[in-house]
Amino acid sequence: MATLDVRPRLIDALSVLRDRVDAARFPLPLRGAARARRNRAELLAQLDDYVIPRLRSPQAPLLAVIGGSTGAGKSTLVNSLVGRRVSEAGVLRPTTRTPVLVCHPDDLHWFAGPRVLPQLARVWVPEQDDGGESEYAAGDGLGRSEYGVHGGGGGAGGHGGRMGHGPRMAHGFDGGRGPESGQEARGGGELGGAYGYGYEGGERAGGGGAVGGGYGAGDGEAYDGAGVGAGGVGLNGRAGVGAAGGGGDPGMLTVRIETDRALPSGLALLDAPDIDSLVARNRELAAELICAADVWVLVTTAARYADAVPWHLLRTAKEYDVTLVTVLDRVPHQIATDISGRYAELLQRAGLGHVPRFTIPELPESAGGGSGLLPATAVAALRDWLERHAQDPVARTAAAARTAAGVIASLRSRLPALAGAAAAQHAAALRLAGRVEEAYERAAERVRQEVAAGEVLSGDARAHWRDHGLDGRSDELLDALTHGLTSLLTCAVQEADERAAEAWRRDPAAAEVSLSAAAGAAGAGGRLGVIVRRWRRCLEELAEEETREARAGQAGERVGSVEPEESAALLATALLGGRRARTAGENLADLLGAQTALRLCDRGARLLATYLERALDGERERRLAPLDQLTVPLDQQAELIAALSVLQRERQGGTEGQTGTGKQAGTEGQTGTGKQAGTEGQTGTGKQAGTERQTGTERQAGTEKRKRMRSEEEREMAMEKEEVSG
């Protein structure tokens, strides 16, 4: 008989693996990326909503999720199993919108907190004393102090009792007004250890409120179609009961919790939204809820038992080896034997012949007539099966253990696929970044060649240089050289951008980042102008420093009369004029002396190279910013495989009783699939990961460097603006 492995080391390994899956990102529109995102979300849902909570709380009630297609009769089945209407049933598409969880009152504390389904806010409905179908207790708010939930204002219907939940989870319940901060009620008692419930006076309203009101959520707003009477109860936010037909915040997802003593302790039923709902979020929510189940109860009908959607769920259940039950509902008496036989044959062909099957005949109640409940005899077999598995410790443990073990075992095939998608994302990000790096390397080479050839000393700059020996102004020559260098850099950057953009247009991975990169390219001329003017100021300061030292030493022929501006103009011309300005260096040596001129030219050349690199790197960083914002983790593929390796080792150690194998967890590369992390044969493009990891490290270091440069550039631009305004 299967047992539930709840060793702390296994839970820790699962938690680490869960964090690695959560950190994985698949933002680039590659083939298979959408599937990888769905698989990641499904994995997180199963780990967060079921596997880890189940292993941490093995004694928690068995959760059976009732799922199926639109109109399959899920809500009617749940209502009939409970013995009263707890979920609104119908044949409209879709009917079930807000999931409904029903449990025994003694089990409420297991589901009131975020142990399972933490992403769903709780809406709690008090236990019904009279079993009426639409008699919801009057009163309005449940406040949760620890989780930031407050009681809300009163709605129609009577004075509810005031209830306080114990120290770890303080709830407030007030029929008239509701406490403003979720205070605990005075008095109260203990139930379930950490949760205390106490009632302090007050009347409970009887009678049925008008069905169709909403559960309040957020200052009296109602959740659309929650199906409560005018005196329902809201939880999460400042909850209050809305009027019939009210609408609530569509972004807030809730699960409505009902309690009923008709259900045995240790069993909870969850009525999930339709798996084929027209509303995409309902379909996603239904899949998440199924992932949180100990037992999957799939409901289909005689008319739709061969549809693709339920069979997709059945194949998934088989893949994960979960505890599964099928219900063939609304089967006409005349063809019940034939339909049931065909369905059994299909299950047998799919390798699911061992799955328990229950057939429910088509009755007037199934079509909405009568009381809305099926006769007890129609659901007796299913109810007996559920109760037996909930109350028999051996059967209960076996059901939970099989589902948990099946999900964990499925990770061995699911994680490498996720790691392969991660490797493809990383490779694509490196490829796109490489296109930009290559384009800007060519741009940098062009700038170096044209500066060496003296291309900056052309046009106005060349005219001012010719006039310089004829009493031309040094500042005009510097202005012309500054403008020429800015134009050269701008042309080189534009060419690099066009080359990179063309390469990105041919790469499907760049479909969603090309526009952002193009937007980042705007305004390059202005930014480059700021950097070049900053270089000019530094050059002038350098020339002034060397001129001052030369005056002190009287090294040149006319050093006592030379102005720093003239030295700066000659230095800039010598650096940017190439062979065209050969005499600029000679004139500088005549003014300052040969040694000073050589030292000044050397320092000026290093300063120019620094600013040219800064200018090009800054623009390259702007083109790569959209890629950096996608946050494709560098080693997510290796981390996923390593986490899976540790988990597999812990599972093997638990099976064989070899607790000492945990000492090898630090190596993460010598056992199980850890060996495959080195060869990476299972991960699609993983063969490239070994050669790309070093490149990726350099890319990450380059990103950090460019971010620092961007900050420096922004400071310089701010300084430039201040000087211009001054």
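Author: Start with one pair. In this predicted model, the side chains of Glu650 and Arg7 form a salt bridge, 3.6 Å from N to O. Glu650 sits in helix H17 (residues 636–656), and Arg7 in the segment before helix H1 (8–23). The two are 643 residues apart.

Reader: Is Glu650 buried or exposed?

Author: The cut-off for buried is under 20% relative accessible area. Glu650 has 7%, so this residue is buried.

Reader: How many salt bridges does a search of the whole structure find?

Author: The search finds 40. Another one joins Asp274 and Lys74, at 2.5 Å from N to O. Asp274 lies in the loop between strand E13 (267–271) and helix H5 (280–291), and Lys74 in helix H3 (residues 74–82), so the pair ties together parts 200 residues apart in sequence. Asp274 is buried at 2%. Lys74 is buried at 3%.

Reader: What about helix H9: how many residues does it have?

Author: Helix H9 (residues 393–452) has 60 residues. From first C-alpha to last it reaches 85 Å, close to the expected 88 Å.

Reader: Where in H9 does a kink lie?

Author: At Arg412, shortly before the proline Pro416. The kink is about 40 degrees.

Reader: Which residue caps the N-terminal end of H9?

Author: Asp392 does. One of its side-chain oxygens lies 3.1 Å from the backbone nitrogen of Val394. Just after H9, Gly454 takes a positive phi of about 80 degrees.

Reader: How many disulfides does the structure hold?

Author: A disulfide is a covalent bond between the sulfur atoms of two cysteines. This structure holds zero. Cys538 is buried at 16%, and Cys491 is partly exposed at 39%.

Technical notes
Residues are numbered from 1 along each chain as its sequence is written. This is a predicted model: local features need pLDDT of at least 70, side-chain atom pairs count only at pLDDT 80 or more; totals for chains, interfaces and linings use all residues. Side-chain values use heavy atoms; hydrogens and water are left out. Helices (H or I, at least four residues) and strands (E, at least two) are DSSP runs, numbered from the N terminus. The expected span of a helix is 1.5 Å times one less than its number of residues. The bend at a residue is the angle between axes fitted to the seven residues ending there and the seven starting there. A polar contact is a pair of N or O atoms within 3.5 Å; within protein, one must be able to donate a hydrogen and the other to accept it, and residues adjacent in sequence count only if both atoms are side-chain atoms. A disulfide is a pair of cysteine sulfur atoms within 2.5 Å. Buried means under 20% relative accessible area, exposed over 50%, partly exposed in between (1.4 Å probe, protein chains only). A salt bridge is a side-chain nitrogen of Lys or Arg within 4 Å of a carboxyl oxygen of Asp or Glu.
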